[in-house]
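Me: I'd like to go through the labels on this model and see what backs each of them. Can you take them in turn?

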Amino acid sequence: MTLAKRNTVLVILAFFAIYVIWGSTYLLNKIAVTELPAFMLAGIRFITAGSLIFLIAKFLKISLVVTKRQLGNSIIAGFLFLTFGNGVVVWALKFVDSGFAALEISAQPLVVLLLMRVLQGKRIQPMSLVGVGLGMVGIYLLVSQKQIISQEGAFLGMILIFFCMLSWAYGSLFVGKADLPPNYFVNTGYQMVTGGILLFIISAVIGEEWISPIQWSTPVKWSMILLVLLGSIVAFTAFNYLLKVVSPEKVATSSYVNPVIAMILGWYFLNEEITLQSAIAALILLTGVYFINTKKRLTLFSGFTSKELGR
C-alpha cells in the first residue's frame, strides 16, 4: 500500500482524536441509548454530522464533487464503519457496559493483522505479534471476570460486537486502498451521510419508535452534541486521514487505548466498577500498543547471534 504524504503534527493530533475522543464515545453512546432506539440514535448522529461537514466545506469553498466510483466506495465504507460497525455496537450497549464493549473491540488489531496476511499477503512482523499477544492477554484478564460476563444479555452483546469488529477491520483495509474523495473532510461527510441514511432505513424496517429531540433529557442532548461534533466530525475525519498515511494495524491500536479511556469514564460517570484485575489488564493493553507502534527490532538471543527479526 502506498501511503500518502503525512505531517507529523497532524498524525499526532489525529491519534489523540481516535485514542481519547473515541474512547469517550462509549460512555456517550451508553448514556444516549438508555433513552433512544439504537439505530435512530446512530442515524441522527451521522446524518447531522455529515450535513454539518458539507456546510463547513461549502463555507470554506471545498469542492464536494466526487466521481461515481468515489461515491460508491464511500457508501461501502459508510456501511462497514457506521451502519453496521457502529450502529450494531450502539445496539449492543443495551446489554453490556461501555467499558466491556470497548474491551472486546480491542481485539481488532489482531483481526486486522490476520486479514492483511490473508487478503494482502503481508508478513506479520514479530514486534507486532508480541504487541497483539500482550493485547490478547489483557483482554482475557478483563473479560474473564465473572461480575462482567454474568450480566443479563452479555453473551448476545459480545456476539454482536464481535461481528462489528470484523466489519471495522475489513473496512480499515478497504479504505486504505479504495478510490475515495481526496479531501479527508469531504470523504468523512459522504461516509456519514450515506451510512446515516442506511441506519434510518434499518430503524424504519425493524419498527423502532422514533423520539423527538424535544423529549430527550439534558444528559442525552449533551451526549448527542458531543457525539456529533467530536466523536463524528473530528475523530472520524482523523481516522480517515490516518488510514491514508499510516498502516492499518497502527490505526487499529486505538482499540487498545479506547478501553482504558472507556473504563475510566464509565467508572466516574456511570459507577461501572474498575477492579485491580482490570487495572492490570489495562496496563498490559497499553504495553501492547507500544510494541505494535514501535520501530525497534526484536532481537532473539542477542548475546549469541546477530540475527534480528522486526520492522
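Me: Which residues are buried in helix 5?
Reply: Ser98, Gly99, Phe100, Ala101, Ala102, Leu103, Glu104 and Ile105 are buried in helix 5. Before we go on: this is a predicted model, where local features need pLDDT of at least 70, side-chain atom pairs count only at pLDDT 80 or more, and totals for chains, interfaces and linings use all residues. Residues are numbered from 1 along each chain as its sequence is written, and side-chain values use heavy atoms, with hydrogens and water left out.

Me: What makes helix 5 mostly covered?
Reply: Eight of its eight residues are buried. Buried means under 20% relative accessible area, exposed over 50%, and partly exposed in between (1.4 Å probe, protein chains only). Helices here are DSSP runs (H or I, at least four residues), numbered from the N terminus.

Me: Why is Phe59 called exposed?
Reply: Phe59 has a relative accessible area of 70%, and the cut-off for exposed is over 50%, so Phe59 counts as exposed. Phe59 lies in helix 2.

Me: What makes Lys61 stand out in its phi?
Reply: Lys61 has a positive phi of about 60° although it is not a glycine. Lys61 is found in the loop between helix 2 and helix 3 (68-84), and it is exposed at 77% relative accessible area.

Me: Which residues make up the nonpolar patch on the surface?
Reply: Among them are Leu52, Phe59, Trp222 and Val234, and the whole patch has about 1,000 Å² of accessible area together. Members of such a patch have over 30% relative accessible area and no salt bridge, with nonpolar side chains (Val, Leu, Ile, Met, Phe, Trp, Tyr) joined within 5 Å (like charges would be joined within 9 Å). A salt bridge is a side-chain nitrogen of Lys or Arg within 4 Å of a carboxyl oxygen of Asp or Glu. Accessible areas come from the Shrake-Rupley method with a 1.4 Å probe, and for residues only the protein chains shown count as cover.

Me: Which helix gives the most to the nonpolar patch?
Reply: Helix 11 does, with six residues.

Definitions and conventions: Helix = DSSP H or I, 4+ residues; strand = E, 2+ residues; numbered from the N terminus.
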